[in-house]
Amino acid sequence: MYAANMVLSVYSQSQVAEEHAEYPLHIYINDSTSASAVEALVHHSTDISIMSDLGDAHVEEGDDTNIVRIPYIGIAFVVDFNLETAGIESLELSVDLIRDIFNGVITVWNHPSLSAMNPDLVLVNASIIVVPPSEQEMEELDLVLEARYGSPLGYTGPFSDHEQDSIMAVTIKDYSISIMHLSQHASVHVASVLGPDGETAVYPSLDHVLSCGLDTYHPETDTFVFPESSVASCYPLSIVYYIETFRDEFVEGVDSCGEDAMPVLKAKLLWWLVGEKNLDNALETAKYASLAHFDEEVHEATYERLMLLTCNGKSILTLDVNYQLLPAWSLGFSIFLAVLTTAGGLAYLAYMFIYRKNKIIRYSQPVFMGILVLGCITLTFSLIPLSLDDHFIEYYDILHELHLDQDTPGLDRACQAVPWLYCIGFAMEFSALFAKVWRLKKIMTQKKLRKIKITTQQLIPVLVGMVGLAVVVLSLWQVLAPLHWERVPVTWDLDGTMTRSYGRCTSTAFPQFFGMFVGIQLSALVYGMVLCYQTRHVQSEFMEGKWISIILVNIATTLMFSVLLGFFVKDQPAAIFAVATVNVSMLGFGVMALMCLPKCWTHYLSITDPSVLDSRTNGASASGAAAVSRIGHNQQHRGGGGVSVSSKHGGKAANSSSLPTNAKIIVVSSPSPAVAPPI
C-alpha cells in the first residue's frame, strides 16, 4: 500500500530510525484481503502489519489476546478524469455509473446517463478512455462496495502494474478516466460521488472521509465501520486502515528491555505513527485522514492501546514529564486544618458565652476576642483554595499537543479567593490584638492621671479602619489585575518536549500588590511591637500583654520567614504549599491557641482555687503601679502634682511613703463590671 510506503519513507529519515538503524523493523503492507498481512503477523515474520478493516482474514483481538489494533488512517478511492480539452473541471457520478463505465456499458462522455447528472457533457462527443487501475486498488474497492452496496464493481481487467502508471496515463491522455487512491491524483481532477442519501454528491476531501466516522465508531472494540455510515457528507468510497502488532514482547538478556531493544524501538515507531501531531500534517499533505486524533474518545482509546505495549510485562511508553503537582493529601490536610481551627474557635466562642459573667471573660474584652477568633478562622480557610492545582488537565501526553493556555475558570476563582481570605483574616485578628495594646498605651500616656474609661465602641474604628484598608487594596487588585492560574514551563528536552513545569497563581501586577500587602503587614507588626515594648512594665490581667507580645513577634517572624523562603522556592509548588501551611497554621490556629488557651487554663485552675484570680490581678496591679511610678517620677521634674489612685480592693496600690515626694502613681487596675476593663 502506498500509504504505508510513504510512512516508511518519512520514518526512515526520523530520529528514531537514525539512532537504531542497526535494528531492522519488519512492517508488512496490506494486500487486498489482509490475509498475507495477518499470516505474517501471526507467524512472527513481521513486527507491524498495516491492513484494511475489510476481508475475511482480518484478525479480531478476541482471537489473539496478544494482538493490539489501533485505527490509523482513512483512505478514499477516487475517480480521476481528464476533460481539460473540453474545459470541464467537475464531474458527478453514482456508483452505478462508475460500474457501467469500467465494465464497458457506457463508452462515450455524452451518454444520456452521464449528461443527466452533468449537463456540460452533452457537447462532449468523445469516447471514454479507461486507464487500467492497479489490481490491488480494485480489490480493495470491491470490498468497500460489497460492504456498502452488496456487490463489487465487477471490473475484470486489464490492470496496471503500479498505481503510479495509472496516474501518469490519466495526466497525459485527454478524455481518460481511472480509479486510484486520493493521495495519488496529481494535476487531474477527481469526481464527486453520490453519498449515502443517494442525492448529495460528495467530493472526496479529508473532511468528508472523516465524516464517515461520525456514526460508525464502536468504542467497545475501538473500530470504525465506514460502509455503515449514513451521514450525508460521508464520502462513500472510503476505507479504514489499522496498525496491528503484538501487545507484549519477551526478550532475554540482562538489559533486554533497554533503549536499544527491539520492542522499545517498535513502540517508539508506533508512537511516532499515531501519536505525533507533526505526522498528522504529513498525512494530511499526502491526503490521508488521521484517525488517532478523530475526537477525544478515540484519542483516549488510542492512548490506552499504546500503553498496552510492554516488554517482558513492563510498560514501554511512558512520558517523563514532571508537572510538580501538589501532593494528593494537600486538599485533605487544608480542610482538616480549617475544620480544626473552626471547631476550636467555635468552642471558645461558646465558652465565652457560657461563662460571660466570669471575671476572666469580662476582662478579656469578649468582642475583640470574638473578632480575633473569626479572623483566625477566615485566615485558615485561605489554605483550601491554595491547595488546588490543575492535576485534572492533561497538558501533554503521547497524543496531545502542548497547550499551556488551558481555560481554568475554577482555578482562577480559587487564586482570587486566597488573598481575600488571608488578608481579611489577618486584618481582623491583628486589629483585635492592636486594639488591646493601644488601649493600654492610651491609659499610660494621659498627662492628667485620672481615672479614664475607654469603651469597646471607641476601639471599633481601629478595627474598621484596618479591615477597610485591606478591602480597598484587595478591590483595586481584583479590578486592575485579577489573579489567574497559569502553568509555566521550566525545562525542555532536545525533541522539544516539556520535561518540567509548575502551576501558579499570578497577575500582571502581582509583585506590586503582594509587596504592598507585605509592607503594610510588617509596618503594622513593627508598630504593634513598639507599643508592646512601651507598655512592657505594665502587666494586664492574666498576663494578656505578655501573650500579645509573643504573638506579634511570632507573626512577624513567620511572615518574614515565609516571604524569604518562598522567594527561593517560587518554582516548586509543593515547597510553596509547605511554607504557606506553616504560615497559616502559625497565624491562624497558633494565634488563636496562644490567646485562648491561657484563659481557659486559668479558669480551670480557678475552679479549685479561686485565689488564682485575685493573685493574678493583684500581681498585675502591683507590678503596674511600680512600673508607672517611674513614669510619675520622671514627670515630677516637669512640675506635676501627686495623685494616688486606689485599687479596686480598697487599699493603696503602692505605699506612697516609699516613693519620692510629689511622685505620680498610676495603678492599672481591674475595674468593676460597670467600667470597661483595660486589656
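1. Arg-356 lies over the face of Phe-353, at 4.4 Å from the ring centre. A second case involves Arg-69: its charged end sits over the ring of Tyr-242, 5.5 Å from the centre. A charge sits over a ring if NZ of Lys or CZ of Arg is within 6 Å of the ring centre and within 35 degrees of the ring normal.

2. A word on the source. This is a predicted model, in which local features need pLDDT of at least 70 and side-chain atom pairs count only at pLDDT 80 or more, while totals for chains, interfaces and linings use all residues. Residues are numbered from 1 along each chain as its sequence is written, and side-chain values use heavy atoms, with hydrogens and water left out.

3. The whole structure holds 18 aromatic pairs. Rings of Phe, Tyr and Trp (its six-membered ring) pair if their centres lie within 6.5 Å; planes under 30 degrees apart count as stacked, over 60 as edge-to-face and the rest as tilted.

4. One of these pairs is Phe-434 with Tyr-527. The ring centres are 5.6 Å apart and the planes stand at 35 degrees, so the pair is tilted. Phe-434 lies in helix α16 and Tyr-527 in helix α18 (residues 510–534), so the pair ties together parts that are 93 residues apart in sequence. Helices here are DSSP runs (H or I, at least four residues), numbered from the N terminus. Phe-434 is buried, with a relative accessible area of 10%; Tyr-527 is partly exposed, at 45%. Buried means under 20% relative accessible area, exposed over 50%, and partly exposed in between (1.4 Å probe, protein chains only).

5. Trp-477 and Phe-513 make another pair. Their planes are at 5 degrees and their centres 5.4 Å apart, so the pair is stacked. Trp-477 is in helix α17 (residues 456–480) and Phe-513 in helix α18, 36 residues apart. Both Trp-477 and Phe-513 are buried. They also belong to one aromatic cluster, together with Phe-510, Phe-514 and Phe-517.

6. Back to helix α16, which spans residues 409–444 and contains Arg-439. Arg-439 is buried, with a relative accessible area of 2%. Between Arg-439 and Gln-458 there are 9.7 Å in space, C-alpha to C-alpha, and 19 residues in sequence.

7. Helix α4 (residues 95–102) is mostly covered, with six of its eight residues buried. The buried residues are Val-95, Leu-97, Ile-98, Arg-99, Ile-101 and Phe-102. Just after α4 comes Gly-104, with a positive phi of about 80 degrees.

Conventions: Helices (H or I, at least four residues) and strands (E, at least two) are DSSP runs, numbered from the N terminus.
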